[in-house]
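This report describes the arrangement of a protein chain and the surroundings of its ligand. The sequence and structure are shown first.

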Amino acid sequence: MVDLPISHHQGDTAEEVQKPVVSHEQKAQMEQAYQQMQRKMRMQKLETDIKHKIMVLSGKGGVGKSTVSVGLALSLARMGKKVGIMDIDITGPNVPKMLGLDNVDLHVEDGRIHPAIGAYGIKVISMGFLIEDPDKPVIWRGPIKLGAINQFIGDVEWGELDALIIDFPPGTSDEPLTVTQSLPSIDGVVIVTTPQEVALLDSRKSINFAKTISIPVIGVVENMSGYTIRGSAQSNSTITIQGPSGVPLETTTDSEGNWSLTLDIFKAGGGADAATDLEVPFLGALPFDPGIVRGGDDGVHRIVAEPEGQTAKAFDKVVEKVLITLEKSRSPTVNIS
Ligand SMILES: Nc1ncnc2c1ncn2[C@@H]1O[C@H](COP(=O)(O)OP(=O)(O)OP(=O)(O)O)[C@@H](O)[C@H]1O
Ligand SMILES: [Mg+2]
């Protein structure tokens, strides 16, 4: 902290008059500049302290960005990685609730904000922690919002992390732009989409946005993909069920009498088609799972509630692909002998 003498109007001794004299206002300005400089230096340090920084975006709202962000973080943490999640959504910060941390007060020490700790030790920072009344809409003008994001990035005591997942509000607004300007060396963007054809249009917007701000696209995840129902009956028999719109769907039981059928509630393959069409990697599909909705309300993510379940396995597959893509993008393209 700078410690400068303040100007006194009367009674200064000859010795004191020799010192540089600054007003209270100047002193406050210099202290602010000093703090900003320190914050900037801390932001630069994040380049090495946090190995991978992954932004999660979508062209439209409600497709499951926050669910996927938390799922990616938990899945990585289950693999033994040190993981943080930063929830930048000011108007709908859902991450604390999804992790059962909505009543947590953050610990602040020496001006440094310590993240809350969620399942599997993931470090969590959310705009939600700053909002006193969750029922009141947050109306922050641009500069205040952007200042808060910078503070989040520069003043949080993340420690060393293998990965930081950043969850955003829907669309291509100020927030991702601010984060890319403040946080050095972002690895790339994971785009979340649902399987409908319209998703292609929305994903295209997100991909173009990533290109505009020169951030690589790690790939597209299709969320709320087919809903699988299961049952059992006599072995090697045919099962017919009434599918959506009354269309009969058929399957057969296996030698143990088990059967399963996947209903494509939102059509199928939109994510994979979008990825092919837009020439970016397809990272995989996550099933439609009513347990995800329950988990979001109860504060126990599906991965935590059922670590060996289909949804947890699907998240693990997506994470494996993300890690492969990140490794590829890190490997040098030119060999120097
Ligand atoms: N795979 C899934 N299966 C079933 N429900 C899901 C799935 N993914 C997300 N949901 C549900 O869909 C709703 C929206 O999810 P979420 O809040 O993650 O979306 P979002 O894209 O972050 O929304 P917003 O744009 O408002 O930030 C939630 O109720 C969530 O529980
Ligand atoms: Mg969200």
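This is a predicted model: local features need pLDDT of at least 70, side-chain atom pairs count only at pLDDT 80 or more; totals for chains, interfaces and linings use all residues.

Eight strands form an open sheet with mixed pairing, in the order S5-S6-S2-S7-S1-S8-S9-S14. Its edges are strand S5 (116–117) and strand S14 (282–287), each of which pairs on one side only. Within the sheet, strand S2 (residues 83–87) and strand S6 (residues 123–126) run parallel and are joined by four bridges. Met 86 stands opposite Ile 125 in S6.

## Helices on the sheet

Helix H3 packs on the sheet and touches strand S1 (50–57), S2, strand S7 (161–167), strand S8 (188–193), S9 and S14. The direction of H3 makes about 170° with that of S7. Helix H8 (residues 270–278) also packs on the sheet, where it touches S8, S9 and S14; the direction of H8 makes about 160° with that of S9.

## The ligand shell

Around ligand 1 there are 21 residues, of which Gly 61, Gly 64, Lys 65, Ser 66 and Thr 67 come nearest. Helix H3 (65–78), strand S9 (217–225) and helix H9 (290–298) are the elements that give two or more residues to this shell. By class, the shell holds eight nonpolar, ten polar and three charged residues.

## Two residues with positive phi

Asp 110, in the loop between strand S3 (107–109) and strand S4 (112–114), has a positive phi of about 50° although it is not a glycine. Asp 110 is exposed, because 5 other C-beta atoms lie within 10 Å.

Tyr 120 lies in the loop between S5 and S6, and its phi is positive, near 55°. With 19 other C-beta atoms within 10 Å, Tyr 120 is partly exposed.

How values were computed: Residues are numbered from 1 along each chain as its sequence is written. Chains are lettered from A and ligands numbered from 1 in the order in which they are written. A residue is near a molecule or strand if its C-beta atom, placed from the backbone, lies within 6 Å of it. Ala, Val, Leu, Ile, Met, Phe, Trp, Tyr, Cys and Pro count as nonpolar, Asp, Glu, Lys and Arg as charged, and the others, Gly among them, as polar. Two strands pair if DSSP finds at least two bridges between them. Two residues are in contact if their C-beta atoms, placed from the backbone, lie within 7 Å. Axes are lines fitted to C-alpha atoms, for helices over the stretch in contact, and angles run from 0 to 180 degrees between N-to-C directions. A residue is buried if 20 or more other C-beta atoms lie within 10 Å of its own, exposed if 12 or fewer, and partly exposed in between; C-beta atoms are placed from the backbone.
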